[in-house]
Amino acid sequence: MYKFRKFGPDCGSDGCPLTVEGDGRLTMIGRVLAVSKLDELPQLWNVLRGDMSLVGPRPESLAFSDCYRNGFEKIHEHKPGIFGPCQVMFRHESKLYPAGVPVVEFYRQVLFPAKAEIDLAYFSRRTLVSDLGWILRGAWAIAAGSRSETALGGKANEIRK
């Protein structure tokens with residue numbers, strides 16, 4: 001999967017597998033790419049090559065490959081995509097991490113399962129019209145800079161304990 005680089009070359013590969021709000025690894029240009037989502041523009045090449053589709057679940061970092069169990073492995077039955085429900089609903093994912101909670105643990109216990117359930121529910125009943133709708137919503141979210149909120153309940157407090 002192709003993307004423009006948001007981090008400096010000296011940040012290494014052993015850091016956090018997630019980009020969080022105010023991430024110090026982001027370069028000045030990387031911040032602009034992250035906010036505008038232009039870092040994902042090269043993925044159009046992946047679509048043209050047939051590696052990705054326009055609408056599909058987002059591929060995860062290898063650091064989270066073990067999360068695909070207990071039914072979530074069915075996500076791999078769908079070609080990864082640039083747009084989709086989770087790309088719109090979690091547009092500002094980096095702002096969802098609560099203070100005082102380990103980021104990776106919160107992602108594994110709350111965000112990943114929420115995103116996987118949304119993807120599985122959507123892709124089991126997708127249509128061409130619904131795919132076009134998600135492409136338009138995703139493009140609008142990027143262009144308008146809108147914020148989509150996701151209800152995560154009290155999961156952050158559970159993880160803090």
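How many helices and how many strands does the secondary structure of the protein chain come to? I counted six helices and two strands, taking helices as DSSP runs of H or I with at least four residues and strands as DSSP runs of E with at least two, numbered from the N terminus.

**Entry 1: the model and its overall layout**

I note at the start that this is a predicted model, in which local features need pLDDT of at least 70 and side-chain atom pairs count only at pLDDT 80 or more, while totals for chains, interfaces and linings use all residues. Residues are numbered from 1 along each chain as its sequence is written, and side-chain values use heavy atoms, with hydrogens and water left out.

Reading from the N terminus, I wrote down the order of elements as α-α-β-β-α-α-α-α. I then looked up burial, where buried means under 20% relative accessible area, exposed means over 50%, and partly exposed lies in between (1.4 Å probe, protein chains only). Of the 161 residues of the protein chain, 39% count as buried.

For contacts I used heavy atoms within 4.5 Å. Among the contacts between residues at least 6 apart in sequence, 74% join residues at least 24 apart.

**Entry 2: the surface**

The accessible surface of the protein chain comes to about 9600 Å², and 60% of this belongs to carbon and sulfur atoms; the areas come from the Shrake-Rupley method with a 1.4 Å probe, and for residues only the protein chains shown count as cover.

I also looked for patches, which are made of residues with over 30% relative accessible area and no salt bridge, like charges being joined within 9 Å and nonpolar side chains (Val, Leu, Ile, Met, Phe, Trp, Tyr) within 5 Å. A nonpolar patch is formed by F4, L38, L41, L44 and L54, with about 430 Å² of accessible area together. Of these residues I followed up L54, which sits in strand β1 (residues 53–55) and counts as partly exposed because its relative accessibility is 38%.

**Entry 3: R58**

Is R58 buried or exposed? I found R58 in the loop between β1 and β2 (81–83), and R58 counts as buried because its relative accessibility is 18%.

Polar contacts are pairs of N or O atoms within 3.5 Å; within protein, one atom must be able to donate a hydrogen and the other to accept it, and residues adjacent in sequence count only if both atoms are side-chain atoms. The side chain of R58 makes such a contact with the side chain of Q43 at 3.0 Å, and the R58 side chain also reaches the backbone oxygen of G81 at 2.9 Å. Not counting residues up to four places away in sequence, R58 touches M1, K3, E40, Q43, M52, Y68, G81, I82, Q87 and D119.

**Entry 4: salt bridges**

Side chains of opposite charge can pair when their charged atoms come close. My criterion for a salt bridge is a side-chain nitrogen of Lys or Arg within 4 Å of a carboxyl oxygen of Asp or Glu, and by this rule the count comes to 10.

K95 forms a salt bridge with E21, and the closest N and O atoms are 3.1 Å apart. K95 lies in the loop between α3 (85–89) and α4 and E21 in the segment before α1 (28–36), so the pair ties together parts that are 74 residues apart in sequence. K95 is partly exposed at 38% relative accessible area, and E21 is partly exposed at 48% relative accessibility.

D23 and R25 form a salt bridge with closest N and O atoms 2.7 Å apart, and both residues are buried. R49 pairs with D51 in a salt bridge at 2.9 Å between the closest N and O atoms; R49 counts as partly exposed at 47% relative accessibility, as does D51 at 35%.

**Entry 5: chain segments brought together**

V20 lies in the segment before α1, and the C-alpha atoms of V20 and S94, 74 residues apart along the chain, are separated by 4.4 Å. Leaving aside neighbours within four places in sequence, I find V20 in contact with S94, Y97 and V103.

G30 is in helix α1 and counts as buried because its relative accessibility is 0%. The C-alpha atoms of G30 and K6, 24 residues apart along the chain, are separated by 3.7 Å.

**Entry 6: helix α4**

Where does helix α4 bend? Helix α4 (residues 103–123) bends by about 35° at L111, with a proline, P113, following within four residues; the bend is the angle between axes fitted to the seven residues ending at a residue and the seven starting there. Several residues of α4 are buried, among them F106, Y107, L111, P113 and D119.
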